[in-house]
Amino acid sequence: MTQRQAPEDIPKLREVFEPYFRIGAAVNPSTLSTQRELLARHFNSVTAENEMKFASLHPEEGRYAFEEADRIVDFAAAHGMAVRGHTLVWHNQTPPWVFQNPTGGAANRETLLARMKSHIETVVSRYKGLIYAWDVVNEAVSDDGGELLRPSKWLDIAGEDFIAKAFEYAHATDPQALLFYNDYNESVPEKREKICELVRSLKEREVPIHGVGLQAHWNLVHPSLDDIRQAIERYASLGVKLHITELDVSVFLHEDRRTDQKEPEAGMLERQAERYGQIFRLFKEYGEHIESVTFWGAADDYTWLDNFPVRGRKNWPFLFDAGHRPKPSFHEVVEAARS
Ligand code: GLA
């Protein structure tokens, strides 16, 4: 029945969730055209999947490449959508020159921080008034027990206050922008507590941080609903806003390495629908703290989870199928909003 429903009869996600939070999608130059209608109809926020990362915007010292990022911002403006900026400082997708001196050795702390400052000033000021929220620092907290921060060149060279500096530079450039710390495994209790410790210490030092981004790369089972609830409560207790920044629900468990499914197997999409329903009921319950929910894509024709972490395997993590038709998950999510 859902297959035959005309697109104009299907409720718009952005309208269904209007009373609670924005509904976003990560986009790239290709999906901006292949998913244009779906994006325009259902979403009121976009994030650049890669086009605003350091390596994309600033491949060489003194050379910026804004074309693709500008297209995304223009697309959003043309459709009345908000834009979340992603991401200013990260250990990945940052070109080697940032950390090097002219002879190829490591840059010193002053040079690295000066480069960070000029990058942040250039990028944030270009999109001032257009990007309302930035993921300022991405994934700085360690997954391993013991250490708080993940080893990285930022940490090695600049020391742990590289995080505070990034927020300060961004805030000085655009005092209106909401500034986020963003991470994955955010609902795993041990890492959750480390993220809380980091955010608490930034707030104590009056670093301008306004929110925590929960990436939410989840699957049919993990993290448990209870762990998600506790994570939301713990982050909210810090007095910051919450954004769900990169939501997808993989149909495969982490240990599942099979590559033989060409289509979702029996029951998979029903289990995913049930899971999405539970997740969105929870988001709605915490709507006072959560102001944006962004999927890391829009429909199953394109997801970073195809071939990752298992090569040659397709995944179906979203609410819309590869033909942009609503899946059982879509209907459960709409039901969750209305219940
Ligand atoms: C992390 C990053 C995203 C993206 C995903 C994988 O979650 O924050 O920008 O690179 O990994 O697609």
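Which residues touch the most other members of the largest nonpolar core? In this predicted model, local features need pLDDT of at least 70 and side-chain atom pairs count only at pLDDT 80 or more, while totals for chains, interfaces and linings use all residues. Numbering runs from 1 along each chain as its sequence is written, and side-chain values use heavy atoms, with hydrogens and water left out.

The answer is L13, W134, V137, F167, L247, F280 and F283, out of 99 residues in that core (buried Ala, Val, Leu, Ile, Met, Phe, Trp, Tyr and Cys joined through side-chain atoms within 4.5 Å; buried means under 20% relative accessible area with a 1.4 Å probe, protein chains only). Helix α8 (residues 162-173) gives the core its largest share, 7 residues (helices are DSSP runs of H or I, at least four residues, and strands runs of E, at least two, numbered from the N terminus). Leaving aside residues up to four places away in sequence, F283 touches F21, W218, I232, I244, L247, I290 and V293 (heavy atoms within 4.5 Å). A second, separate core has 5 residues, among them A82, A133, L178 and F180.

On a 1 Å grid over the protein atoms alone, a cavity is a set of points where a 1.4 Å probe fits but cannot get out, and a pocket is an open set with protein on both sides within 12 Å along at least five of seven lines; lining residues have an atom within 4 Å of a point. The largest pocket is lined by 34 residues, with Y184, N185, H217, W304 and F308 nearest its centre. Strands β7 (217-219) and β8 (241-250) each supply at least two residues of that lining.

How values were computed. Buried < 20%, exposed > 50% of the residue type's maximum accessible area, 1.4 Å probe, protein only.
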